[in-house]
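Subject: Structure for you to look over

Hi,

Here is the structure I promised to pass on. Please open it next to these notes.

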Amino acid sequence: MEKPFIEIQRLCKSYHRDSLEIPVLRNISLHIPESEFIAFMGPSGSGKTTLLNLIAGIDKPDDGQIVVAGTEVTSLDETELAAWRSRNVGFIFQFYNLIPVLTALENVELPLILTPLTKKQRRAHARTALEVVGLADRMHHYPRQLSGGQEQRVAIARAVATDPVILVADEPTGDLDKVSAEEVLDLMERLNRELNKTILMVTHDPRAAERARSVRHLEKGELA
Amino acid sequence: MELWNLLRRNIMRHTLRSLLTIIGVGVAVMAFALLRTVVTAWYAGVEGSAPNRLITRHAVSFVFSLPLAYRDRIARVPGVINVTYAIWFSGVYIDKTQFFARLAVDADSFFNVYSEFLVDPQQFEAFKRERNAAIIGVEIARRYNLKIGDIMPMEGDVFPGKWEFVVRGIYEPRDQTTDPASMMFHYQYLEERVRQEMPARLGEIGWYIVQIGDPDSSARISEEIDRLFANSRAETKTETERAFQQSFLSAASAVITAMNIMSFFIIGIILLVVANTMIMSTRERTHEFAVLRALGFSAPQMFFLIAGESLILSLTGSALGLSATLPAVEAFQTALPKGWFPVFYIKPETIVLGCLSGVLVGLAASIIPFRRMLTTRIVEGLRYVG
């Protein structure tokens, strides 16, 4: 049997509000193969975003283990996690999260600062990434000069610029109109199909989930 | 794109706020430098005092005179190289607001002991030959447009009557701390008038200036001089020139201390101004910082962004403040009555302190926002709505 690309074992996570402990994820175990495009669905508060954050290494579990491409993410300290994220994870957020004072090209180039590439190589990579998402003609535009769909495509270009092993997308179409959402989903499908990117997507939208190869449902912190 | 570009654009994000912060820092640094300069001016006499000079004055008070006859006895004390004397003439030149030191001195010995007053030898010879000649500081010559041969008429107060002095020499100060605005004339000229008009005051001088060979012997020599005149009608108090100058400051010591404290309070104000801006800026960017950290930016890189912005604001403000200090000092000096502070200049230490405070404030102001950014979990930062 093929070794899973992402291996999650008995993952638990709770939040604390004053003296109250709110369990968010309960004993989650999951195996995700390489080049998978998986969608997590479920009602608000079911723990899908928390699961995504834990896999992406921007949050820490209370218990359990996450291994991504052979690296035990849960055992890394903050500094190691930051370095690991810069090399292995591409983020696509619901509200794009572009830096408003940087142009599209500079936003895409931002994570490349963390790589050993030269300035010229970084710029070339960023241009290529923008070409892949079809925004070569908008590279010198600031986020405020772009539509929501275009901003999200720039965010996708930023996510793939470093050639990460996984892409995590939290409600990537949640703030977009139908046409823009379709464009973004087409792009994500292409990235998965043509570039074999492993994509983990959290969504409420059944049409978005349809584009994924597999869908998992979460209910009250447990996989259904 | 370098991280530096992001830092630069972050500063320009709220141009008005950045500009106001820089101006705020600039004004505070200028006030700091001005206060330090005033304190320096107050201490100029102390700074300019020589370690090998002692001052012997009346034990009761500086305002009481001493007999001229003490001079030879002081000169015989072992360790004493030279003794000269001076008396405060005061007087009114032009009007009562025109202030500078006017001293009757022993021409031969005074300029030997005070080698920091640099007089052209020819001018000095001319000064020595003429009874009512005077040597004035270059600052007095500049202020009243006086040149060699000019007459300086004065109305006496301590020594009443009309007096006339001929400018025969203009001295240059050797050091920055040397008073460039004093006037010295012959004690003999004063003595002649006193003999005729105030004979009871004949043979009296204000204080002795004792030049010694070894500054380490100042305590012993002071003691020996004072012992010579113990139980006489005019007991003496001998102390180093530095201590003598400091005694003039004792009355104003509370004000000087307050100014010193205030100058450092101003540094605190600068810190608050920059820290306030930085806290506002980083709070507004909580979400962006979380994004950067999610992308993999490390703590040192985040520190570079926050501390860099803080340092640039603080150092630009400091540079602005320090460059405005020179005209401010000149304007301050112009506004003061003439001669209030004969030595008034910006010490290099003040500039260094201004720059140093800019660096320290910049770093200190970034500590709280950096710590806040670091302790905010990425997921919390991503949820933050400013």
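This is a predicted model: local features need pLDDT of at least 70, side-chain atom pairs count only at pLDDT 80 or more; totals for chains, interfaces and linings use all residues.

The largest nonpolar core has 107 residues. Ile55(A), Leu130(A), Ala157(A) and Val168(A) touch the most other members of that core. Its largest share comes from chain B: helix α2 (residues 15–42) of chain B gives twelve residues.

Which residues does Val168(A) touch, leaving aside its neighbours within four places in sequence? Val168(A) is in contact with Leu52(A), Ile55(A) and Ala56(A), and also with Val89(A), Phe91(A) and Leu200(A).

Next, the sheet in chain A. The sheet is open and has six strands. Their order is β6-β7-β8-β3-β9-β10 (chain A), and the pairing is mixed. The edges are β6 (89–92) and β10 (222–223) of chain A, each of which pairs on one side only.

Start at β6(A). This strand pairs with strand β7 (residues 166–170) of chain A in the parallel sense, over four bridges. Gly90(A) has Leu167(A) of β7(A) opposite. Val89(A) and Phe91(A) point one way from β6(A), while Gly90(A) and Ile92(A) point the other way. All are buried. In general, side chains in a regular strand alternate between the two faces of the sheet. Val89(A) and Phe91(A) are also among the contacts of Val168(A) listed above.

Then look at strand β3 (residues 37–41) of chain A. β3 pairs with strand β9 (residues 214–219) of chain A, again in the parallel sense and over four bridges. Ala39(A) stands opposite Val215(A) in β9(A).

Now the interface. How many residues of each chain are involved in the contact between chain A and chain B? The count is 19 residues of chain A and 17 residues of chain B. On the chain A side, α2 (78–88) and α3 (104–109) are the elements that give two or more residues. The largest share of that side is five residues, from α2(A). By type, the chain A side divides into eleven nonpolar, four polar and four charged residues.

Last, the layout of chain B. Domain 1 covers 3–45 + 253–383, and domain 2 covers 65–233. Their C-alpha centres lie 47 Å apart.

Over to you.

Best wishes

How values were computed: Residues are numbered from 1 along each chain as its sequence is written. Chains are lettered from A and ligands numbered from 1 in the order in which they are written. A nonpolar core is a set of buried Ala, Val, Leu, Ile, Met, Phe, Trp, Tyr and Cys residues joined through C-beta atoms within 7 Å. A residue is buried if 20 or more other C-beta atoms lie within 10 Å of its own, exposed if 12 or fewer, and partly exposed in between; C-beta atoms are placed from the backbone. Two residues are in contact if their C-beta atoms, placed from the backbone, lie within 7 Å. Ala, Val, Leu, Ile, Met, Phe, Trp, Tyr, Cys and Pro count as nonpolar, Asp, Glu, Lys and Arg as charged, and the others, Gly among them, as polar. Domain bounds come from an automatic or database domain assignment. Two strands pair if DSSP finds at least two bridges between them.
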